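Here is a short briefing on one protein chain. Look at the model first, then read the points below.

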Amino acid sequence: MASSNKDPCKKEMTYLAKCVYVSNPYLETMNEDILYHFDLGTKTHDFCAMFGDVKFVCVGGSASRMKAFSQYINELLGLGSATDDIPNICAHTDRYSMYKVGPVLAVSHGMGIPSISIMLHELIKLLCHAKCTDVVAFRIGTSGGIGLQPGTVVITKVSVDASFNACFEQNTMGVIVAYPTVLNECLTQELLKCSKEIDQFNAIIGTTLCTSDFYEGQARLDGAFCNYTYEDKMNYLRCAYEAGVRNIEMESSVFAAMCNRSGLPGAVVCVTLLDRLQGDQIGSSHEVLEEFQQRPQKLVGCYIKKRFCKK
């Protein structure tokens, strides 16, 4: 069969009208866009009907946590009960889960940069296909703190890499492109105000260290391998603290970069489960950890409720 190297971008547009959030001329040449990892497609699903009213997107690592968040929002906004069984829109795939309550879309992203990156590509396209406007994005989750009391909520002002650079490096066909990882300052300040209104836990604005690994990448001494010393670990964590880092997780950099690339105002809100200057293992009880994990949900929920009630 003969092949053609003709650039499809030079064809007449066949499917996607130009919209906010995406920046890919090849999408305009497609007759159908299949969001494979969501098990959604533009020919099989009415995106505008399903998602057109979305104004808030909240993503987090755990599928069960995102379902619990959607149930919490359901009651908080007066749309139903916290015990309602909200259906998983992505039930036919085991990659991600997705729940919608009124204007709020809650999506799990798995663990680490590759997993959240894949999800965000398809989520941003979903918002575009649904013709959503004025959307605000949040990542809510857990983290390790540096010099903070466990249970403190960190609202990220900027995500840095392992060398404390404020960028996310994307390797595209062997070429490294650096994207900025500063998050929306106005949104960050609004969330801090919400924490003071809630007045149930400590919340701060700080720099977040985003790593590609949970063990060696975060200078832990309890992984399967360790070729550095306790002194090396402590020196690194102290350097991180001096650079303004207050917590460590594994998704904020690409989340911030893709929010900036798409134009979505974004915020990262994570609770600290331990102080890494005191140790590597999480020793709090299940009950304490459950309460900690609800804190980012309450903070983001407060912001959403204030915005929702203004409509």
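Among contacts (heavy atoms within 4.5 Å) between residues at least 6 apart in sequence, 73% join residues at least 24 apart. This is a predicted model: local features need pLDDT of at least 70, side-chain atom pairs count only at pLDDT 80 or more, and totals for chains, interfaces and linings use all residues. Residues are numbered from 1 along each chain as its sequence is written, and side-chain values use heavy atoms, with hydrogens and water left out.

**Fold and dimensions**
- The protein chain has seven helices and twelve strands. These are DSSP runs, numbered from the N terminus: helices are H or I with at least four residues, strands E with at least two.
- The radius of gyration, taken over C-alpha atoms, is 20 Å; this agrees with a compact globule of 311 residues, which would have a value near 19 Å (the rule is 2.2 Å times the number of residues to the power 0.38).
- Along the principal axes, the C-alpha atoms fill a box of roughly 60 × 50 × 35 Å.

**Burial and surface**
- Of the 311 residues, 48% are buried (under 20% relative accessible area, 1.4 Å probe, protein chains only).
- The accessible surface comes to about 15,200 Å² (Shrake-Rupley method, 1.4 Å probe). Carbon and sulfur atoms hold 51% of this surface.

- G279 sits in the loop between β12 (266–275) and α7 (286–310).
- Beyond its neighbours within four places in sequence, G279 is in contact with K233 and L274.
- D222 is 57 residues from G279 in sequence, and their C-alpha atoms are 9.7 Å apart.

How values were computed:
Buried < 20%, exposed > 50% of the residue type's maximum accessible area, 1.4 Å probe, protein only.
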